[in-house]
Amino acid sequence: MNNSEFAVRLTDVKKKYLMGKVEVEALKGVSLQIPIKKFNVIIGPSGSGKTTLLNLLGCIDIPSSGCVEVCGQDIARLSDKQASDFRAENIGFIFQNFNLIPVLSAYENVEYPLLLMKKPAKERRELTLKMLHDVGLSSHKHHRPNELSGGQRQRVAIARALVKGPKLVLADEPTANLDSKTGQSIIDLMYKMQAESHTTFIFSSHDKQVMEHAEKVFEIHDGLLMEERGK
Ligand SMILES: Nc1ncnc2c1ncn2[C@@H]1O[C@H](COP(=O)(O)OP(=O)(O)OP(=O)(O)O)[C@@H](O)[C@H]1O
Ligand SMILES: [Mg+2]
């Protein structure tokens, strides 16, 4: 594989947090390459460093040392403004607690990233309606988040993450706040959306059940990559 076939390349990445005077080393030298256009899963127990890793991939944070390249870009070289523009253009996020905007309807939440990107009204409307249809929420487009079930909220979040056609979709334990049946339907939906959009998905979980669909699994323990499975 040449470089352009990787969505993400980490080289000896360390991340330390300062807790008062105590240093916590959340990542202790991780090197890995995540292929494009696949359904990738990062697993590991609570506290192993999954959220820390996803925050680096999402350009929300920078490493203490080592190199993080996302879509060919060394993220440490970006200014704050450049990082937020890079994120808006290339990365879609799906969170554990949905993070929808409470005063906006499902439609408006999905449309929001397109407004930020200054897309014309007609294109915004077409893309938003298509995404709501694809996640099975055409009939709920006027509902606000508090008028939707947990599973429906996560469907809105998936539509919002994908509507701008990002190169990379990051999901940090997207099923943790859902019952197991709803969680399974969200995983099935994400897998279908990944296959149709040919986007790179990176999904974190400490639940081994979610690995069923994974094409590639990275297992981290205590800030270190322990195992890599799949092609
Ligand atoms: N902002 C922070 N300040 C200090 N320590 C932190 C901070 N964020 C995370 N940590 C520590 O870094 C380590 C990794 O945390 P992280 O949140 O990445 O784990 P995780 O794998 O996502 O866990 P979980 O499955 O519970 O979400 C933990 O020991 C945690 O206590
Ligand atoms: Mg976490």
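Buried means under 20% relative accessible area, exposed over 50%, and partly exposed in between, for a 1.4 Å probe and protein chains only. In this predicted model, local features need pLDDT of at least 70 and side-chain atom pairs count only at pLDDT 80 or more, while totals for chains, interfaces and linings use all residues. Residues are numbered from 1 along each chain as its sequence is written, and side-chain values use heavy atoms, with hydrogens and water left out.

Leu127 is partly exposed, with a relative accessible area of 28%. Leu127 belongs to helix H4; helices (H or I, at least four residues) and strands (E, at least two) are DSSP runs, numbered from the N terminus. Leaving aside residues up to four places away in sequence, Leu127 touches Leu114 and Val163, where contact means heavy atoms within 4.5 Å. Val110 is 17 residues from Leu127 in sequence, and their C-alpha atoms are 9.1 Å apart.

Helix H3 covers residues 106–116, and its buried residues are Ala106, Tyr107, Asn109, Val110, Glu111, Pro113 and Leu114. Helix H4 (121–134) and helix H5 (150–162) are among what covers them. Just after H3, Lys118 has a positive phi of about 60 degrees.

The axes of H3 and H4 come within 9 Å and cross at roughly 130 degrees. H3 is therefore oblique to H4. Axes are lines fitted to C-alpha atoms, for helices over the stretch in contact, with angles from 0 to 180 degrees between N-to-C directions; under 35 degrees counts as roughly parallel, over 145 as roughly antiparallel, 65 to 115 as roughly perpendicular and the rest as oblique. On the H3 side the contact is made by Ala106, Tyr107, Val110, Glu111, Leu114 and Leu115, and on the H4 side by Arg124, Arg125, Leu127, Thr128, Leu129, Met131 and Leu132.

**The sheet and the helices across it**

An open sheet of 6 strands has the order E6-E7-E8-E3-E9-E10, with mixed pairing; two strands pair if DSSP finds at least two bridges between them. Strands E6 (91–94) and E10 (224–230) are at the edges with a single partner strand each, so one side of each has no neighbour in the sheet. Strands E3 (residues 39–43) and E9 (residues 216–221) run parallel and are joined by 4 bridges. Val41 stands opposite Val217 in E9.

| Helix | Strands crossed | Angle |

Technical notes: Chains are lettered from A and ligands numbered from 1 in the order in which they are written.
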